[in-house]
Amino acid sequence: MQLINFLVDLTGSYGWALVIFACLIKAVLYLPTKQQFESMKNMQKIQPLMQKIQERYKDDQEKMQKELMTLYSEHKINPLGGCLPMLVQLPILWMIWHVIMQYQSIFESSYFLWIGTPLAYKFPDLFGKSLAGQDAFLLLIYGFSMYLTQKTTTPSSDPKMAKQQSSMGLFMTIFFTYMMWNWKMPCALIVYWLVFNILSIIQQIIIMDNRSGDARQEAK
């Protein structure tokens, strides 16, 4: 909260303070997140080899796992490498939520963009009256950012699996957005999470684009 108050002194707004705070956290987690996306990229690269192993040893799970681990070792891939940034992000989200709940009176008198404008009083079920309340429009934007994250993830080379991944990603986006509305997540938390998501999408696109460039170089 001291850090957020310091950012408020610079910006004059708790909303913009949360935006800058999200940028700072993204900068801190830049390298772990980069490793996450590179792990996804490398897993995609060896996916045809993984499928061959899975087909060859489908009746021998122990042998299959051994061969897959050998494959990961040969290509210097950690199959759990993409999990760490997500795990690190969870306590950060919990801390932000805890701060919002502890200083709720402050966020109840804080506004941002359309949040707290006359729209909130005209359509109270859709627009938030403060950063401590709910805002359907903001949550929909967050849900769209979550969907874009799924779309920018490198799809499977198998068309059938790619379709399943796309359908599952859409379902999880709708389900998670609904649950966040149902859990009455405050706008302050959504603002932080949305900005962090947007920055992650930009980083992911850059890394995946580099992957395409590397592939073109290899083809030459």
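User: Which residues are buried in α5?

Analyst: In this predicted model, the buried residues of α5 are Met 64, Leu 68, Leu 71 and Tyr 72. Seen down the axis of α5, these buried residues fall within an arc of 100°, so they line one face of the helix. The general idea is that an α-helix has 3.6 residues a turn, so residues three or four places apart point the same way.

User: Which exposed residues does the face of α5 turned away from its buried side carry?

Analyst: That face carries Glu 62, Lys 66, Ser 73 and Glu 74, each of them exposed.

User: What span should helix α5 have, and how far apart are its end C-alpha atoms?

Analyst: Helix α5 covers residues 61-74, and its 14 residues, at 1.5 Å a residue, should span 20 Å. The end C-alpha atoms of α5 are 20 Å apart, which agrees with that expectation.

User: Is Leu 113 buried or exposed?

Analyst: Leu 113 counts as exposed because its relative accessibility is 54%, and the cut-off for exposed is over 50%.

User: Where is Lys 184 placed, and what is its phi?

Analyst: Lys 184 lies in the loop between α10 (159-182) and α11 (187-219), and its phi is positive, near 60°, in a residue other than glycine. Lys 184 is exposed, with a relative accessible area of 59%.

Notes. Residues are numbered from 1 along each chain as its sequence is written. This is a predicted model: local features need pLDDT of at least 70, side-chain atom pairs count only at pLDDT 80 or more; totals for chains, interfaces and linings use all residues. Side-chain values use heavy atoms; hydrogens and water are left out. Helices (H or I, at least four residues) and strands (E, at least two) are DSSP runs, numbered from the N terminus. The expected span of a helix is 1.5 Å times one less than its number of residues. Buried means under 20% relative accessible area, exposed over 50%, partly exposed in between (1.4 Å probe, protein chains only). The arc is that of the directions from the helix axis to the C-beta atoms.
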